[in-house]
Amino acid sequence: MNDLHNPERQLANIGHIVSRAAELHPDRVAIDDLLSDRRLTYAELDMRITRLARALIRLGVGKGDIVAAMFWNEHAMVETIFACARAGAIVAPLNSRLLPSEVAEYVNDHGCCAIVAHKDFADHFADAEAALRISRGDLEGWQNFETLIAADTDAPLPVTTTFDAPWRLVSTGGTTGKSKGVLHSHVGTLFTVLADIAEYGIGRGWQTLSILPTYHVAGMEWGLFTILWRAGTVVFPADTSFNPQRYLAEIRSRDIEYLALVPAVINPLFGAWDGVPLMGPRTVVTTAAPTSPPLRAKLVEMFPEANV
């Protein structure tokens with residue numbers, strides 16, 4: 001029974017999701033980022049995550065430190081999420097729709113030691129106190145995301161986090177006051193994702209077209225982690241706002257199997273649909289709000305082979 005309390009048996013990290021897929025399917029496409037025009041295999045994604053994690057550690061980010069992140073739905077957000085986890089840090093993904101004053105208050109109140117963001121959002125952090133700033137794109141006073149990745153080694157990092165260790169700080173909606181941070185553990189996320197895979201019947205190698213925001217729990221766990229755990233492909237759209245015509249075209253041309261949606265996009269999708277059923281999707285899930293029977297009926301009509 002003493003073996004059950006062996007500290008090594010308590011080690012866990014969500015980064016295993018990617019490293020395991022890279023071990024089994026190194027050449028399979030993990031991320032097809034149409035916005036950034038970049039496609040990454042699992043081997044490439046795993047390498048870049050480790051290099052970014054090493055860069056964060058080298059720049060002083062330690063175990064338990066909080067790192068603010070703000071990106072579009074793009075490969076850099078995925079890399080930042082997993083790199084923070086591998087470094088033992090806690091990622092604080094931020095809503096890109098927040099006002100700069102809200103961002104600064106949240107980042108400062110929670111003691112974020114670093115900021116990793118797309119250059120489009122640099123102004124949101126003008127009043128943030130974090131000294132370490134990393135930008136995807138060249139910005140004065142910020143370190144360059146790609147330069148840091150290129151400069152470090154991809155030698156595997158030892159796992160130092162335990163099941164119960166926190167890896168993500170999620171901001172609440174602030175309905176009863178200003179937005180607050182909620183910590184999520186590695187074990188909580190791992191079991192949640194496994195439950196999602198089982199419930200949704202997600203197959204190995206499936207594809208998804210991810211429009212749920214990657215700063216949101218549903219965007220990460222439903223839109224990303226379920227597919228990455230099954231060594232599938234996450235496709236990020238080319239648009240920073242929802243384009244129903246292009247979304248449907250990508251589903252049809254790629255035979256996308258898994259869709260994670262919110263009710264607000266169903267009517268625009270139905271309005272843009274040409275009436276020809278899309279037979280590729282096998283699972284369609286909705287989140288954020290209840291999906292009414294009329295909206296569910298539209299999904300069934302558009303995706304007749306899908307479990308909705």
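1. In this predicted model, helix 2 (residues 42–58) and helix 3 have axes that come within 8 Å and cross at roughly 55°. Because angles from 65 to 115 degrees count as roughly perpendicular and those under 35 degrees as roughly parallel, helix 2 and helix 3 are oblique to each other. The crossing in which helix 2 passes helix 3 is right-handed.

2. On the side of helix 2, the contact with helix 3 involves Leu45, Asp46, Arg48, Ile49, Thr50, Leu52, Ala53 and Leu56, and these meet His75, Val78, Glu79, Thr80, Phe82, Ala83, Cys84 and Arg86 of helix 3. Sorted by class, the residues of this contact comprise nine nonpolar, three polar and four charged.

3. Ala53, which lies in helix 2, deserves a separate remark. Its relative accessibility is 0%, and Ala53 therefore counts as buried, the cut-off for that class being under 20%. Leaving aside residues up to four places away in sequence, Ala53 touches Ala83, Arg86, Ala87 and Leu157. Ala53 and Ile81 are separated by 28 residues in sequence, while their C-alpha atoms are 9.7 Å apart in space.

4. Helix 3 (residues 75–86) also packs with helix 7 (residues 217–229), at an angle of about 80° and with the axes 13 Å apart; helix 3 and helix 7 are therefore roughly perpendicular to each other. Helix 3 contributes Val78, Ile81 and Phe82 to this contact, and helix 7 contributes Met220, Leu224, Phe225 and Leu228. By class, the contact of helix 3 with helix 7 consists of seven nonpolar residues, with no polar and no charged ones.

5. Which residues touch the most other members of the largest nonpolar core? In this core of 60 residues, they are Ile14, Ile31, Phe82, Phe225, Leu228 and Tyr258. Helix 3 supplies the largest share of the core, namely eight residues. As general background, nonpolar side chains tend to be buried together in soluble globular proteins.

6. Ile31, one of the residues that touch the most other core members, has contacts that can be listed individually. When residues up to four places away in sequence are not counted, Ile31 touches Arg38, Arg39, Leu40, Leu45, His75, Val78, Leu228, Val234 and Phe236. Among these, Leu45 is in the helix 2 side of the contact with helix 3, whereas Leu228 is in the helix 7 side of the contact with helix 3.

Key: Residues numbered from 1 in each chain as written. Predicted model: local features only at pLDDT ≥ 70, side-chain atom pairs only at ≥ 80, totals over all residues. Heavy atoms only, no water. Axes fitted to C-alpha atoms, helices over the stretch in contact; angles between N-to-C directions. Helix = DSSP H or I, 4+ residues; strand = E, 2+ residues; numbered from the N terminus. Parallel < 35°, antiparallel > 145°, perpendicular 65-115°, else oblique. Contact = heavy atoms within 4.5 Å. Nonpolar A, V, L, I, M, F, W, Y, C, P; charged D, E, K, R; others polar. Left-handed = near helix turned anticlockwise from the far one by under 90°. Core = buried A, V, L, I, M, F, W, Y, C linked by side-chain atoms within 4.5 Å. Buried < 20%, exposed > 50% of the residue type's maximum accessible area, 1.4 Å probe, protein only.
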